[in-house]
Amino acid sequence: MKKLLLGSVLAASSVFTVTACSSVNAASDTAPTTQMQKNHKDGAMRGPMSKLDLTATQQAQIKAIMQEKHGNRTADRAKNQAERAQMEQQIQALTNASTLNNAAVNRLADQQAAKAKQRFIERVQTQHAISQVLTAEQRAKMEQLKSERQEKGRKHSKDRKGHGKPHHQGM
């Protein structure tokens with residue numbers, strides 16, 4: 001049970017850290033602006049949305065949904081960094097303790113689970129709001145693109161693991 005709880009806390013912490021690093025990298029102002037970034041800043045859709053032939057009205061509605069979702073990223077980023085630092089300190093203290101405080105581990109696990117639940121809820125709400133802006137044909141196209149992206153990810157993951165490829169040859 002202890003291993004499961006500690007594993008859950010570490011896994012949640014890792015996911016949170018990767019997510020945070022991705023958002024920090026995505027929001028970095030020091031990186032040179034590419035043509036794609038310029039188009040995105042000008043309001044053009046990117047990724048799967050760019051393949052849906054959205055009307056100007058749909059683009060504006062989706063942009064508003066995304067702006068509402070992201071709000072003030074600068075303030076949120078500082079708050080999230082502080083929370084992550086505090087969580088890491090707590091994990092480090094638990095790790096270095098001579099005995100494991102299961103109650104504290106459970107509290108941290110519950111905190112991480114609550115944050116993950118909230119992110120999940122917000123993601124589904126955003127997807128639903130965007131879906132309501134799309135036509136039936138656009139929703140079908142979005143599902144097709146999502147399936148293709150997932151299949152590509154599975155194929156890439158399988159290739160990285162080396163399935164079907166010998167790792168070294170015997171003598």
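This is a predicted model: local features need pLDDT of at least 70, side-chain atom pairs count only at pLDDT 80 or more; totals for chains, interfaces and linings use all residues.

1. On overall composition, the secondary structure of the protein consists of six helices and zero strands, so that the order from the N terminus is simply α-α-α-α-α-α. The protein has 171 residues, of which 18% count as buried. Among contacts with a separation of 6 or more, 70% are made by residues 24 or more positions apart.

2. How are helix α3 and helix α5 arranged where they pack? Helix α3 (residues 56-70) and helix α5 (residues 102-133) meet at an angle of about 170 degrees, and their axes are 9 Å apart. Because angles over 145 degrees count as roughly antiparallel, α3 is described as roughly antiparallel to α5. On the α3 side the contact is made by Q58, Q61, I62, I65, M66 and K69, and on the α5 side by T126, A129, I130 and V133. By residue class, the contact of α3 with α5 comprises six nonpolar, three polar and one charged.

3. Which residues make up the largest nonpolar core? This core has 10 residues in all, namely M49, L52, L54, I62, I65, I130, V133, L134, M142 and L145. Another core, of six residues, lies apart from it and includes L94, A104, V105 and L108.

4. Two residues deserve a separate look for their partners in sequence and space. L145, which belongs to the largest nonpolar core, is in contact with P48, K51 and L52 once its neighbours within four places in sequence are left aside. T135 is 81 residues from L54 in sequence, while the C-alpha to C-alpha distance between the two is 9.4 Å.

5. Where the salt bridges are concerned, a search of the whole structure finds two. In one of them E83 is paired with K115, with the closest N and O atoms 3.4 Å apart. This pair links distant parts of the chain, since E83 lies in helix α4 (residues 73-96) and K115 in helix α5, 32 residues apart. E83 is partly exposed, with a relative accessible area of 25%, and K115 is likewise partly exposed, at 23%.

6. The side chains of E151 and R154 also meet in a salt bridge, with an N to O distance of 3.2 Å. Because E151 and R154 are three residues apart in helix α6, they are separated by about one helical turn. Are these two residues buried or partly exposed? E151 counts as partly exposed at 46% relative accessibility, and R154 counts as partly exposed at 49%.

Terms used
Residues are numbered from 1 along each chain as its sequence is written. Side-chain values use heavy atoms; hydrogens and water are left out. Axes are lines fitted to C-alpha atoms, for helices over the stretch in contact, and angles run from 0 to 180 degrees between N-to-C directions. Helices (H or I, at least four residues) and strands (E, at least two) are DSSP runs, numbered from the N terminus. Angles under 35 degrees count as roughly parallel, over 145 as roughly antiparallel, 65 to 115 as roughly perpendicular and the rest as oblique. Contact means heavy atoms within 4.5 Å. Ala, Val, Leu, Ile, Met, Phe, Trp, Tyr, Cys and Pro count as nonpolar, Asp, Glu, Lys and Arg as charged, and the others, Gly among them, as polar. A nonpolar core is a set of buried Ala, Val, Leu, Ile, Met, Phe, Trp, Tyr and Cys residues joined through side-chain atoms within 4.5 Å. Buried means under 20% relative accessible area, exposed over 50%, partly exposed in between (1.4 Å probe, protein chains only). A salt bridge is a side-chain nitrogen of Lys or Arg within 4 Å of a carboxyl oxygen of Asp or Glu.
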